Amino acid sequence: MQNYSLFSLARNALTGHKNWQKAWRSAPLKEAYEVIIIGAGGHGLATAYYLAKEFGITNVAVLERGWLGGGNVARNTVTVRSNYLRDQSIPFYVKSVSLYEGLTKDLNFNMMHSKRTMVDVVLNYPKMRDLRRRQLTMDIYGSTYEQITVDEVRNIIPALTGGGPQSRLPIIGGMVHKDAGVNRHDAVAWGYARAADALGVEMHQQTAVTALLRAENGDIQGVETVKGTVKAKKVIVAVSGHTTSLTETAGLRLPLRTMNLTAFVSEPIKPIVDVIVNCSDLGFYFSQSDKGELVIGGAPDSGQSFRRDIKQHVFEDTVGAMLELFPSFKKLKLLRQWGGHLDIAPDASPIMDETSVSGLYVTAGWWGGYKAIPAGGLTMAHHVATNSPHPLMQAFSLNRFKNLDYILETGTTTAR
Ligand SMILES: Cc1cc2nc3c(=O)[nH]c(=O)nc-3n(C[C@H](O)[C@H](O)[C@H](O)COP(=O)(O)OP(=O)(O)OC[C@H]3O[C@@H](n4cnc5c(N)ncnc54)[C@H](O)[C@@H]3O)c2cc1C
């Protein structure tokens with residue numbers, strides 16, 4: 001792999017940037033691999049990288065129906081945090097955030113990681129109690145949450161001029177999560193792909209998988225693709241909102257629904273807010289990008305859906321909510337809107353497990369799954385390579401639905 005450094009940048013500048021190596025190869029598709037990963041999103045690519053790096057498994061193909069990093073990994077609002085509620089979740093996300101912090105060095109690719117701090121603006125007492133409860137659990141696992149007063153909220157976010165004592169819902173305080181940050185999403189996909197390729201993993205774009213293939217004994221045998229049959233004894237489904245469409249081809253039913261989540265950005269403006277602002281009481285959050293745009297997200301569309309755009313009423317609800325606290329934003333022009341389809345389990349926690357089809361693994365239910373990419377990839381690779389779940393992901397098994405061992409995180413994401 002060509003090293004990216006100040007020296008290589010200067011050397012390539014002298015030759016007009018014409019001699020950079022391709023970031024990954026386009027190898028011919030083989031008939032069989034040790035492991036097939038379906039989906040070149042964050043989770044698929046990170047799993048491929050850690051399989052090769054940590055476990056020396058390099059006979060791996062990542063099969064992507066579109067282009068690498070064209071799914072939700074490139075459609076999210078890039079927030080990385082570990083303020084979850086349950087004992088099973090927090091250590092997983094603490095690990096993921098810490099891996100993100102070292103990822104630029106690990107992958108030799110600039111992640112543009114920026115530790116921003118998230119401020120939850122709180123408007124009602126039940127919510128404050130809920131977040132205080134989270135704080136106590138988070139304390140145990142080394143994640144930080146700190147309650148602040150209304151004046152402190154306003155000091156940290158001077159643009160927050162609404163929510164005063166006369167307003168419909170006055171602000172009653174805030175919670176500060178210092179571990180939260182943002183990264184460039186494309187860099188996550190490209191960085192993992194480039195590093196995995198350098199270790200021998202193959203990326204195959206425009207290679208949609210149309211069905212999962214089972215052997216006579218019921219085990220997984222490989223996949224059918226638009227380019228023909230490819231065999232493998234281990235297949236990982238990492239296709240985000242499309243999980244059930246694929247697993248149904250192997251006769252499996254999983255407890256997942258696909259829903260639409262959307263975001264939009266404003267025109268670029270001068271620096272106005274240097275933290276991630278989250279107000280779940282009103283249903284919106286935003287941060288300011290390095291380019292100056294406000295990156296704004298809200299609640300999901302209410303029903304199941306494969307939409308990739310935004311419904312007018314979801315957009316209006318989010319804007320209306322934001323203007324209650326930030327009335328000066330009404331002058332802003334909006335530049336773009338988009339959406340993605342994500343799958344979600346009944347308890348809003350991920351599913352990372354080998355299924356009842358031997359050799360078939362799923363990493364799914366990633367509602368707020370961008371922040372989970374490094375830990376998700378590392379622990380999934382561990383499971384596949386060692387045939388036993390990594391302790392950090394053990395609880396995210398499929399069995400929890402049989403045993404009613406839910407890891408209820410509903411409400412700690414924007415999911416209902
Ligand atoms: C608007 C929005 C905002 C979000 N904000 C945040 C946030 O701030 N923080 C956070 O943590 N998370 C956020 N998320 C969630 C996060 O983006 C997803 O949870 C995460 O990206 C999903 O995992 P992934 O990257 O592997 O998925 P994807 O990038 O979607 O990867 C799946 C890949 O599988 C491919 N695929 C599908 N079917 C097939 C097939 N049959 N054959 C081959 N390939 C196939 C797709 O083309 C896609 O490239 C947000 C999501 C959205 C939509």
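Predicted model: local features only at pLDDT ≥ 70, side-chain atom pairs only at ≥ 80, totals over all residues.
**Domains and their contact**

The protein is divided into domain 1, made of 6–109 + 184–255 + 346–402, and domain 2, made of 118–177 + 258–341. Their C-alpha centres lie 29 Å apart, and where the two domains meet, 13 residues of domain 1 are in contact with 19 residues of domain 2. On the side of domain 1 that touches domain 2, helix α3 (residues 90–101) gives the most, with three residues. By class, that side of domain 1 has four nonpolar, six polar and three charged residues.

Strand β2 (residues 60–63) runs parallel to β9 and is joined to β9 by three bridges; L63 has H204 of β9 as its bridge partner.

**The three-stranded sheet**

A further open sheet has three strands in the order β3-β8-β4, with antiparallel pairing. Strands β3 and β4 (114–115) stand at the edges with a single partner strand each, so one side of each is left without a neighbour in the sheet. Two bridges join β3 to strand β8 (residues 181–182), and these strands run antiparallel; here V80 stands opposite G181 in β8.

Strand β5 (residues 118–122) is mostly covered, with five of its five residues buried. In a regular strand the side chains alternate between the two faces of the sheet. In β5, M118, D120 and V122 point one way while V119 and V121 point the other way, and all of them are buried. Pairings of β5 with two other strands are set out below.

| Partner of β5 | Sense | Bridges | Residue pair |
|---|---|---|---|
| β15 (residues 276–279) | parallel | three | D120 with N278 |

**The shell around the ligand**

Of the 39 residues around the ligand, G39, G41, G71, G340 and G369 come nearest. By class, the shell has 15 nonpolar, 20 polar and four charged residues. Both domains take part in the shell, since at least three residues are drawn from each of domain 1 and domain 2.

**Two residues with positive phi**

Most residues other than glycine have a negative phi. H17 has a positive phi of about 55° although it is not a glycine, and V78, which is likewise not a glycine, has a positive phi of about 60°. H17 is found in the loop between α1 (6–14) and β1, whereas V78 is found in the loop between β2 and β3 (79–80).

Are these two positions buried or exposed? For H17, 9 other C-beta atoms lie within 10 Å, and because a residue with 12 or fewer counts as exposed, H17 is exposed. V78 has 22 C-beta neighbours inside 10 Å, and because 20 or more is the cut-off for a buried residue, V78 counts as buried.

Methods. Residues numbered from 1 in each chain as written. Pairing = 2+ DSSP bridges. Helix = DSSP H or I, 4+ residues; strand = E, 2+ residues; numbered from the N terminus. Near = placed C-beta within 6 Å. Nonpolar A, V, L, I, M, F, W, Y, C, P; charged D, E, K, R; others polar. Domains from an automatic or database assignment. Contact = placed C-beta atoms within 7 Å.
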